[in-house]
Amino acid sequence: MWTEYAIRSAPSDLIKFSQTNLIFRQMKEKESDTYTYLLGDTKTNECILIDPVIETVERDIKYIQELGLNLTFCLNTHVHADHISGAPYMKTRFPEAKVAIGSCISEVQRTFSSLLNLDSVSGDG
């Protein structure tokens, strides 16, 4: 069960909010200048990973394992090649984890496959 949480500007080191069960970690991928977020619950040991970047998934796996967490979801907040490719890789390492993205992904796929003449993109999410 996810508990009340607070979002604040923070360094990349681990933050554990004493009044909640939340573990929060913001991690930066330098090449693409993108961020991945790890949110965990210390009571259930479940966690979610938001916008995993393929180049840094081994780092993310290390943190999850060091914290004794079980990855339950990889969430993609938007369409971005490195994020989309990071989540499926995480699923190979955490087979029980679910991968999720907004329902409009199908429309985005159809639009770009048409614009770029990509026959390999199905447009079904």
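**Exercise 1. The order of elements**

In what order do the elements of the protein chain run from the N terminus on?

Solution. The model is predicted: local features need pLDDT of at least 70, side-chain atom pairs count only at pLDDT 80 or more, and totals for chains, interfaces and linings use all residues. Residues are numbered from 1 along each chain as its sequence is written, and side-chain values use heavy atoms, with hydrogens and water left out.

Step 1. Helices (H or I, at least four residues) and strands (E, at least two) are DSSP runs, numbered from the N terminus. The protein chain contains three helices and six strands.

Step 2. Read from the N terminus, the order is β-β-β-β-α-β-α-β-α.

**Exercise 2. A pair of strands**

Determine how strand 2 and strand 3 are arranged.

Solution. Step 1. Two strands pair if DSSP finds at least two bridges between them. Strand 2 (residues 22-29) and strand 3 (residues 34-41) run antiparallel and are joined by eight bridges. Within this pairing, Lys 28 is opposite Tyr 35 of strand 3.

Step 1. The two strands make a hairpin with four residues between them. In the turn, Asp 33 has a positive phi of about 55°.

Step 2. Burial is judged by relative accessible area: buried means under 20%, exposed over 50%, and partly exposed in between (1.4 Å probe, protein chains only). Seven of the eight residues of strand 2 are buried. For the protein chain of 125 residues, buried residues make up 38%.

**Exercise 3. Salt bridges**

How many salt bridges does the structure hold?

Solution. Step 1. A salt bridge is a side-chain nitrogen of Lys or Arg within 4 Å of a carboxyl oxygen of Asp or Glu. The structure has four of them.

Step 1. One of the pairs is Glu 58 with Arg 93, at 3.0 Å from N to O. This pair links distant parts of the chain, with Glu 58 in helix 1 (residues 57-66) and Arg 93 in helix 2 (residues 81-93), 35 residues apart. Glu 58 is partly exposed at 42% relative accessible area, and Arg 93 is partly exposed at 38%.

Step 2. Another pair is Glu 66 with Lys 62, whose closest N and O atoms are 3.9 Å apart. Both residues belong to helix 1 and are four residues apart, about one turn of the helix. Glu 66 is exposed at 55% relative accessibility, whereas Lys 62 is partly exposed at 48%.

Step 3. Arg 59 pairs with Asp 60, with 2.9 Å between the closest N and O atoms. Asp 60 is buried, at 1% relative accessibility.

**Exercise 4. Cysteines**

Solution. Step 1. A disulfide is a pair of cysteine sulfur atoms within 2.5 Å. A search of the whole structure finds zero disulfides.

Step 1. Cys 47 is buried at 0% relative accessibility, and Cys 74 is buried at 1%.

**Exercise 5. The nonpolar cores**

Solution. Step 1. A nonpolar core is a set of buried Ala, Val, Leu, Ile, Met, Phe, Trp, Tyr and Cys residues joined through side-chain atoms within 4.5 Å. The largest has 16 residues, and those with the most contacts inside it are Leu 38, Leu 49, Ile 64, Leu 71, Met 90 and Phe 94.

Step 1. Strand 2, strand 4 (46-50), helix 1, strand 5 (70-76) and helix 2 each supply at least two residues. Helix 1 gives the largest share, four residues.

Step 2. Contact means heavy atoms within 4.5 Å. Leaving aside neighbours within four places in sequence, Phe 94 is in contact with Ile 61, Ile 64 and Leu 71.

Step 3. Another core, of five residues, lies apart from the largest one and includes Leu 22, Leu 39, Ile 48 and Ile 50.
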